[in-house]
Amino acid sequence: MEGLALRSLSTTTASFPRLSLLRRRSTPHFVSLSPLSTVRSLSLKPASISSFSPLQPTPRFSPRAAASPQNAAAPPPSKPPSPPPPQGAKILPLILSVAVGIILRFAVPIPQGVTPQGWQLLSIFLSTIAGLVLSPLPVGAWAFIGLTTSIVTRTLPFAAAFSAFTSEVIWLIVISFFFARGFVKTGLGDRIATYFVKWLGKSTLGLSYGLTLSEALIAPAMPSTTARAGGIFLPIIKSLSLSAGSKPGDSSSRKLGSYLIQSQFQCAGNSSALFLTAAAQNLLCLKLAEELGVVLSSPWVSWFKAASLPAIISLLCTPLILYILYPPETKDTPEAPAMAAKKLEQMGPVTRNEWIMVGTMLLAVSLWVFGEALGIPSVVTAMIGLSILLLLGVLEWEDCLNEKSAWDTLAWFAVLVGMAGQLTNLGVVTWMSDCVANLLQSLSLGWPAAFGLLQAAYFFIHYLFASQTGHVGALYSAFLAMHLAAGVPGVLAALALAYNTNLFGALTHYSSGQAAVYYGAGYIDLPDVFKMGFVMAVMNAVIWGVVGSFWWKFLGLY
């Protein structure tokens with residue numbers, strides 16, 4: 001998940017009354033449009049108006065034919081009514097998801113070292129994960145059913161099942177969604193990105209670097225890659241592309257739009273990996289690592305130091321590599337700086353709310369960096385920032401209530417984190433890691449080889465997931481335990497898995513929230529998404545693997 005989910009609302013057009021040669025009625029029809037439908041381009045099509053073509057012969061008017069009762073009464077053929085949408089769970093995904101847990105619980109013997117309670121919870125957890133992949137219901141609804149099952153079957157008591165709902169990390173993630181809404185509502189993120197377009201946008205490559213650098217600058221204070229994509233960068237890219245004659249779903253898309261979207265899409269993972277507070281899943285990774293005994297001192301600074309060199313090199317290389325492998329037809333964009341300057345002029349001077357947003361974010365980032373020395377937890381910093389925005393009217397409480405993605409994330413995130421924590425407490429994760437450690441020892445693999453093998457497995461398993469946060473909740477604890485059992489240094493393993501969680505967000509068109517946003521713009525063909533996703537995954541693996549290894553050795557992580 002990862003992030004804000006953007007939902008496009010379909011518009012309904014009123015059907016026009018049939019016109020008769022003998023009688024006409026004038027009946028007014030109104031169409032109600034929701035302002036939220038601006039996520040996608042809106043098109044209204046009358047339901048029953050036939051188009052006139054000059055190539056078709058016009059029938060001659062015959063008084064006898066008009067007077068004929070048969071002709072007057074014959075209505076035009078009408079389309080059969082569409083069936084109503086199915087209600088409730090999708091049957092096949094429901095059966096498959098439930099079957100996973102039932103087979104594990106009743107067909108597989110309980111291994112030695114695992115309690116019946118732990119094995120039963122594992123079966124419920126795997127059914128919940130299968131439902132996240134197969135989607136018999138929305139994510140939040142399915143997670144709630146899994147939580148209910150764990151209580152009804154007396155696998156977990158009520159207090160233990162709901163224990164993660166008081167987690168500081170979960171609430172930090174929820175508040176991060178509200179910060180992202182503040183960036184979009186005030187227009188501050190749009191203004192920052194437009195300035196970079198003005199400064200660097202004379203060429204297509206420079207334009208890409210401008211957008212990339214602006215996202216890296218915004219990322220630590222806007223902890224949602226999906227919100228950055230849908231609320232700031234996609235509208236800017238679409239505007240620039242259309243002005244250059246590059247249209248979605250058209251052969252002209254390769255002129256400019258395809259390259260800019262592909263570049264921004266592939267760079268977003270490195271921007272999110274650079275800062276602890278740049279993505280919600282980063283915070284969850286550290287929370288799960290703490291449950292396994294891996295604790296980072298000064299988390300924000302430690303995270304940034306370890307990620308800085310490989311992430312910055314990847315950010316600098318990605319637009320250039322894509323410029324070579326996926327070149328735009330338009331190489332120069334001399335009109336882009338002028339467009340940006342005109343847009344900034346229309347936006348006017350920086351508003352009061354934008355200045356408040358800047359000050360609040362500077363305060364929040366400062367406290368995230370130095371908060372441990374001051375004794376201020378990260379979630380308290382986020383609460384202080386949100387309180388300032390509410391007190392000064394930058395955000396209304398209604399804005400927070402309307403942020404459905406935040407509350408949905410609270411529900412299903414807390415369920416997954418709670419189940420994962422209870423699996424650790426019941427010894428299931430330890431049993432799984434011991435099995436993998438014994439396998440690796442039988443293969444005579446040292447910890448560096450085991451590290452590379454487990455990291456690659458964790459990365460490419462994401463082809464089965466449609467959410468980064470869902471992937472973390474399902475597999476992060478298990479893979480970290482495997483690393484520890486194989487002898488990999490704890491902090492190195494925890495950070496590398498967390499960085500990987502951001503990098504696999506650009507593998508496919510469904511691998512993350514921002515993937516759905518960028519692919520939905522219509523500028524990239526599906527085969528290109530998979531092809532360039534794999535190519536850039538290999539490129540990131542080389543940069544992070546080679547540069548990261550030397551850098552992490554220098555920092556003393558191993």
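Val369 is found in helix 15 of this predicted model. Helices (H or I, at least four residues) and strands (E, at least two) are DSSP runs, numbered from the N terminus. Val369 and Trp300 are separated by 69 residues in sequence, yet their C-alpha atoms are 5.6 Å apart in space. Leaving aside neighbours within four places in sequence, Val369 is in contact with Trp300 and Val301. Contact means heavy atoms within 4.5 Å. Helix 15 spans residues 352-374 and also holds Gly359. Gly359 lies 29 residues from Ile388 in sequence, and the C-alpha to C-alpha distance is 9.9 Å. Gly359 is partly exposed, with a relative accessible area of 37%. Here buried means under 20% relative accessible area, exposed over 50%, and partly exposed in between (1.4 Å probe, protein chains only).

Because the model is predicted, local features need pLDDT of at least 70 and side-chain atom pairs count only at pLDDT 80 or more, while totals for chains, interfaces and linings use all residues. Residues are numbered from 1 along each chain as its sequence is written, and side-chain values use heavy atoms, with hydrogens and water left out.

The secondary structure consists of 24 helices and zero strands. The protein has 558 residues, and 47% of them count as buried. Its exposed surface comes to about 27000 Å², of which carbon and sulfur atoms supply 66%. These areas come from the Shrake-Rupley method with a 1.4 Å probe; for residues, only the protein chains shown count as cover. Contacts between residues at least 6 apart in sequence were also considered. Of these, 78% join residues at least 24 apart.

Two helix pairs involving helix 8 were examined. Two packed helices are described by the angle between their axes and the distance between the axes. Axes are lines fitted to C-alpha atoms, for helices over the stretch in contact, and angles run from 0 to 180 degrees between N-to-C directions. Helix 8 (residues 188-200) packs with helix 14 (residues 335-347) at an angle of about 145°, and their axes are 8 Å apart. This crossing of helix 8 and helix 14 is left-handed. A crossing is left-handed if the near helix is turned anticlockwise from the far one by less than a right angle, and right-handed if clockwise. On the helix 8 side, the contact residues are Asp190, Arg191, Thr194, Tyr195, Val197 and Lys198. They meet Ala336, Pro337, Ala340, Ala341, Lys343, Leu344 and Met347 of helix 14. By class, the contact of helix 8 with helix 14 has eight nonpolar, one polar and four charged residues. Ala, Val, Leu, Ile, Met, Phe, Trp, Tyr, Cys and Pro count as nonpolar, Asp, Glu, Lys and Arg as charged, and the others, Gly among them, as polar.

Helix 8 also crosses helix 9 (residues 204-218) at roughly 145°, and the two axes come within 8 Å. The crossing of helix 8 and helix 9 is right-handed. Helix 8 contributes Gly189, Ile192, Ala193, Phe196, Val197 and Leu200 to this contact. Helix 9 contributes Gly206, Leu207, Tyr209, Gly210, Leu211, Leu213, Ser214, Leu217 and Ile218. The residues of the contact of helix 8 with helix 9 divide into eleven nonpolar, four polar and no charged.

Ser263 lies in helix 11 (residues 257-274). Ser263 is buried, with a relative accessible area of 0%. Not counting residues up to four places away in sequence, Ser263 touches Ser208, Thr212, Pro319 and Leu322.

Cysteines were searched for disulfides. A disulfide is a covalent bond between the sulfur atoms of two cysteines. The criterion is a pair of cysteine sulfur atoms within 2.5 Å. The whole structure contains zero disulfides. For Cys267, the closest cysteine sulfur is in Cys317, 10.0 Å away and so too far for a bond. Cys267 is buried, at 1% relative accessible area. Cys317 is partly exposed, at 27%.

Backbone geometry was examined in two loops. Most residues other than glycine have a negative phi. Ser135 has a positive phi, near 55°. Ser135 is placed in the loop between helix 4 (116-134) and helix 5 (139-152). At 28% relative accessibility, Ser135 counts as partly exposed. Arg154 also has a positive phi, near 60°. Arg154 is found in the loop between helix 5 and helix 6 (158-161). At 77% relative accessibility, Arg154 counts as exposed.
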